[in-house]
Amino acid sequence: MSQGSVVISPLSESDTADYGVLFKYVFSKSPWHETWTIEEIKENLEKVRSRRGFLGKVAKIESRSVGFLTGYDIPVVSKIFYLDQLFIDETYHGRGIGKTLLSTTLETLRLKGGRLVILLTKVDSPAYFFYRHQGFKPLLPMFRLRGKVLLFFSVYKK
Ligand SMILES: CC(C)(COP(=O)(O)OP(=O)(O)OC[C@H]1O[C@@H](n2cnc3c(N)ncnc32)[C@H](O)[C@@H]1OP(=O)(O)O)[C@@H](O)C(=O)NCCC(=O)NCCS
């Protein structure tokens, strides 16, 4: 495993191929078991990229893409950011990369005057516990959508 340091950069068009390959691999695994084609992933990324307030970040170690984060502003309701995707190459889990991608994004949003971040994740999944550990809370505790729960984080609070 590489011991190089993590560099976080804005997501650019040239990261699309790496994004597609890593997304397909990570979300084919437990607990997601999803079956995306690379074309579908790229189409979705293009849609998200065209949203107002789009933010995308990539984490690289020695030029290798090891994690991604994307999201955008919720339409109509101002200053609420929807965190669409956050995923890390499993070889690099537990090394603080997810936390770094998230915290740099929260800082960017804070500087833009953002209020809330919301996201949907699977109840009681590793990602759910990761987000809870980072301070996210259930928005509507009883609300479940096909096994998923809405979490929120107040950007003003550290
Ligand atoms: C969830 C995910 C993004 C976490 O990324 P990661 O880089 O492995 O996590 P980090 O190493 O940054 O962990 C940061 C902190 O969260 C904690 N954490 C990470 N996973 C955790 C878990 N499953 N349960 C509890 N805490 C967890 C770590 O212990 C660490 O704690 P610290 O802040 O006290 O040091 C990563 O596991 C992943 O990509 N999962 C698959 C894709 C996915 O499910 N994405 C979310 C879709 S909604």
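**Loops, sheet and ligand shell**

Biologist: Is H33 buried or exposed, judging by the other C-beta atoms within 10 Å?
Modeller: The count for H33 is 8 other C-beta atoms within 10 Å. With C-beta atoms placed from the backbone, a residue is buried if 20 or more others lie within 10 Å of its own, exposed if 12 or fewer, and partly exposed in between. The count of 8 therefore makes H33 exposed.

Biologist: What kind of model is this?
Modeller: Residues are numbered from 1 along each chain as its sequence is written. Local features need pLDDT of at least 70, side-chain atom pairs count only at pLDDT 80 or more, and totals for chains, interfaces and linings use all residues, since this is a predicted model.

Biologist: Back to H33: where does it lie, and what is its phi?
Modeller: H33 belongs to the loop between α1 and α2; helices (H or I, at least four residues) and strands (E, at least two) are DSSP runs, numbered from the N terminus. P31 is found in that loop too, and a cis peptide bond with omega of about 5° joins S30 to P31. H33 is not a glycine, yet its phi is positive, about 50°.

Biologist: D124 has a positive phi as well; is it buried or exposed?
Modeller: D124 sits in the loop between β5 and α4, and its phi is about 60° although it is not a glycine. It has 11 C-beta neighbours inside 10 Å, so D124 counts as exposed.

Biologist: Nice. In what order do the strands of the open sheet stand?
Modeller: The sheet has seven strands with mixed pairing, and two strands pair if DSSP finds at least two bridges between them. β1 (6–10) and β6 (137–138) stand at the edges with a single partner strand each, so one side of each is left without a neighbour in the sheet. The order is β1-β2-β3-β4-β5-β7-β6.

Biologist: Which residue in β4 stands opposite T70?
Modeller: Strand β3 (residues 64–73) and β4 run antiparallel, joined by seven bridges. Their hairpin has six residues between the strands, and V76 takes a positive phi near 70° there. Among the facing residues, D73 has F81 as its bridge partner, and T70 stands opposite Q85.

Biologist: And which residue in β5 is the bridge partner of Y82?
Modeller: β4 and strand β5 (residues 116–122) run parallel, with three bridges between them. Together with α3 they make a right-handed β-α-β unit, meaning that, with the strands pointing away from the viewer, the path from the first strand over the helix to the second runs clockwise. The bridge partner of Y82 is I118.

Biologist: Which residues have the most contacts inside the largest nonpolar core?
Modeller: A nonpolar core is a set of buried Ala, Val, Leu, Ile, Met, Phe, Trp, Tyr and Cys residues joined through C-beta atoms within 7 Å, and the largest here has 29 residues.

Biologist: Finally, the ligand: which element supplies the largest share of the shell around it?
Modeller: The ligand is surrounded by 17 residues, the closest being H93, G98, K99, P126 and F129; a residue is near a molecule if its C-beta atom, placed from the backbone, lies within 6 Å of it. The shell divides into nine nonpolar, six polar and two charged residues, where Ala, Val, Leu, Ile, Met, Phe, Trp, Tyr, Cys and Pro count as nonpolar, Asp, Glu, Lys and Arg as charged, and the others, Gly among them, as polar. β4 (80–88), α3 (97–111) and α4 (126–133) each supply at least two residues. The largest share, five residues, comes from α4.
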